[in-house]
Amino acid sequence: MKMVDTVENQKLEDGDRFSNLPDSIIHQIFSSFETIDLIRLSAVSRNWRYLWISMPYLNLDINTVWSRPLANRSFHTLIEKFKDFVNWVLMSQDSSVDIQRCRLFCYHFAQDNTLYRWINVVTRRNVQDFDLNLVSDVPFELPRCLITCESLTSFKLCFDTPRVVKLPTFGGFRRLKTLDFLRVEFPDFILLREFVSNCTLLDKLILEACIFRDFEILDICSTNLKILTIHNNIEGNRGEECDGLHNCELKVDCPNLVAFNFLGPSAPDYSLQNLNCLKEVYLHLDSKENFPDVDVCVYELGKIFRGVCNTEVLKLSFDCMEFVYPLALPNGLSVSFCNLKSLFLFVLIEADHIITLLNGSPNLESLEIFYEWYEEEEEDYEYDEDYYFWQIRDRAIPCLTYHLKKVELINVLGRRTELELVRFLLKNGHVLQKMIISWGSGFKNPREDVLMSRVMTLPTSSNVELTFEQPD
Amino acid sequence: MSEVDMAVIKPEMMKSFIWLQTADGSIQQVEQEVAMFCPMICHEVIQKGMGSSKSYAISVPQRVNPASLSLILDYCRFHQVPGRSNKERKSFDEKFIRMDTKRLCELTSAADSLQLKPLVDLTSRALARIIEGRSPEEIREIFHLPDDLTEEEKLEPLKNTTDDPRIRLLNRLYAKKRKELKEKEKLKIVEVEEDRVDDRSVDDLLSFINGGEGGIIGCWFFCALLLNSCCSIFFLIV
């Protein structure tokens, strides 16, 4: 048996188990702490005194360094003091320690090169993950040292309000795997396309609330890209809504794409090619128009469905009923989701489109429906029964007959339409193994007992296990 | 199969067991699928063929005391079952880490030496939550750390964050540079607008701030000359 040395023995007797933890663990524990807090913690004990100096994680946020930043200070002084603080941290830290992750939240003004100096230091310390959050009144140019940084594998750039970012003309990030832009304005679509294509190792691209000024087409073409997220369903800091792609066609040519997430106003046209590896798709479609043209919605939905029809998992949500109504018609779905195994739907009351989608997914094994309802509906509950009652004609649907094993209904109110869907699935689902019904939380008028007793009396065509769950 | 100390195997439960030995010498059997959930044990079994009998028991790393091992095996026993939902796993984890800080630290260390990353992540997050927002005094109490710094040493870093003499000097140098630049612009010597960033190391900066060869003014002058010939703006790097 190994003899533990006396110093460690002393620590163990004192009850100190923390100091014996390996450095990598200590770094991991403190990795999310603001650097200023780590500096404060240097007053704890001699062991902790120089912790922050060799921390490979930097979290420098102008908003958190002082508890009341603008008390007794002008805005200008605050900026200068923060610069001093960051300079001091960068100067005092052990420069031989590589930075694993740096999060920097600061202000950037015209004629001020402080930010570029900091980026230079950070890149020379082999930063891997760089999260830059800027409040800026000028366009931002991605510096060369950052683009050519050999260690950088993840970069996130965000602004508080959309700002122009000047992309380099000489190529993309060499080793970058994850790229995330939030509220960035891109002036030139060709430059963006070239830039993304030149990030040859890029795995994951996220474009959130970005502005594609005067783009005719947003063209994402990347051989290695596995995850693409275009998220325009974000409210800006000043309450503005993001325009997204509602004026611009979306073209995606990524043969290795595995996951595609598209949220926000629908684009006028889609060209989604070669998405042969696609496994997961999340679509949340909206329209910028108050009364969108149904034919336009049908066209757009058809194009996007055609592009993603190979997927195994599909999550669908619509903020605009003009996408949903046409799906409820007999030939509403123009494609077949042959590989689809799991379908998640966010649904309001109307649910005819659920049957259409089931019909178009012959190999579906799992169905999950999340009911969205508005506050007002609770009061109208009693009238609900008459207005929205619909019956689903019993018929054989391929996935119900052969494949659908699991159904989950979440946020259920106990309405007649929900009961009718349950009845239909139980009657026509011949291989159904599990059905879970979860009640909506915050519902004032629970009809759980009524619904439960009704469901238990329904005829089933399989040996299905019924579970009722309370909200979390 | 004739070793006396091997457990009698009932025909209806033909489970495989892995033999583990902790640092205190005691040896125990663990169900194979549970033990193999730990990468380090998995490696010992597959790469080195260890663990199949009492005499070939896998020596568990020293940082894994019997109490921690028992906890780790409970964790593995739950999580290695494939059918569990995310909700169930999260719920288990939340209850699992409720223990005193001493034990939590030991568990973190043990999980790390067995390379069980999910458990390391869980315990690290728990320790971070315990530490954050607490005063140095409270932290010393919780973790039994000695109060071995002088009052001055305790106050030093925060005082330095904006009052370090090096920072004051740096700011003076920047101010001086900006002034020189303005003057040059007036004389229309500088042509290029583009900012170039400097590659000098921290050591260089510190050495000339601390009065290296030629002193500060000397170095500055030399650098200014170098600048003019390059016709680009020279900024110091921290």
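**Close-up 1. Helix α2 of chain A against helix α6 of chain B in the predicted model.** The crossing is right-handed. From α2(A), the contact is made by Ile25(A), Gln28(A), Ile29(A) and Phe30(A). From α6(B), Val120(B), Asp121(B), Ser124(B), Leu127(B), Ala128(B) and Ile131(B) take part. By class, seven residues of this contact are nonpolar, two are polar and one is charged.

**Close-up 2. Strands β2 and β3 of chain A.** Strand β2(A), residues 101–108, is joined to β3(A) by eight bridges, and the two run parallel. One of the bridge pairs links Cys102(A) with Phe130(A) of β3(A). Strand β3(A) spans residues 129–136. Six of its eight residues are buried, so β3(A) is largely enclosed by the rest of the structure.

**Close-up 3. Helices α3 and α4 of chain B.** Helix α3(B), residues 66–79, packs with helix α4(B), residues 86–96, at an angle of about 170°. The axes are 11 Å apart. Angles over 145 degrees count as roughly antiparallel, and α3(B) and α4(B) are therefore roughly antiparallel to each other. On the α3(B) side the contact involves Leu71(B), Asp74(B), Tyr75(B), Phe78(B) and His79(B). These residues meet Glu88(B), Arg89(B), Phe92(B), Asp93(B) and Phe96(B) in α4(B). The contact divides into five nonpolar, one polar and four charged residues.

Definitions and conventions:
Residues are numbered from 1 along each chain as its sequence is written. Chains are lettered from A and ligands numbered from 1 in the order in which they are written. This is a predicted model: local features need pLDDT of at least 70, side-chain atom pairs count only at pLDDT 80 or more; totals for chains, interfaces and linings use all residues. Side-chain values use heavy atoms; hydrogens and water are left out. Axes are lines fitted to C-alpha atoms, for helices over the stretch in contact, and angles run from 0 to 180 degrees between N-to-C directions. Helices (H or I, at least four residues) and strands (E, at least two) are DSSP runs, numbered from the N terminus. A crossing is left-handed if the near helix is turned anticlockwise from the far one by less than a right angle, and right-handed if clockwise. Contact means heavy atoms within 4.5 Å. Ala, Val, Leu, Ile, Met, Phe, Trp, Tyr, Cys and Pro count as nonpolar, Asp, Glu, Lys and Arg as charged, and the others, Gly among them, as polar. Buried means under 20% relative accessible area, exposed over 50%, partly exposed in between (1.4 Å probe, protein chains only). Two strands pair if DSSP finds at least two bridges between them. Angles under 35 degrees count as roughly parallel, over 145 as roughly antiparallel, 65 to 115 as roughly perpendicular and the rest as oblique.
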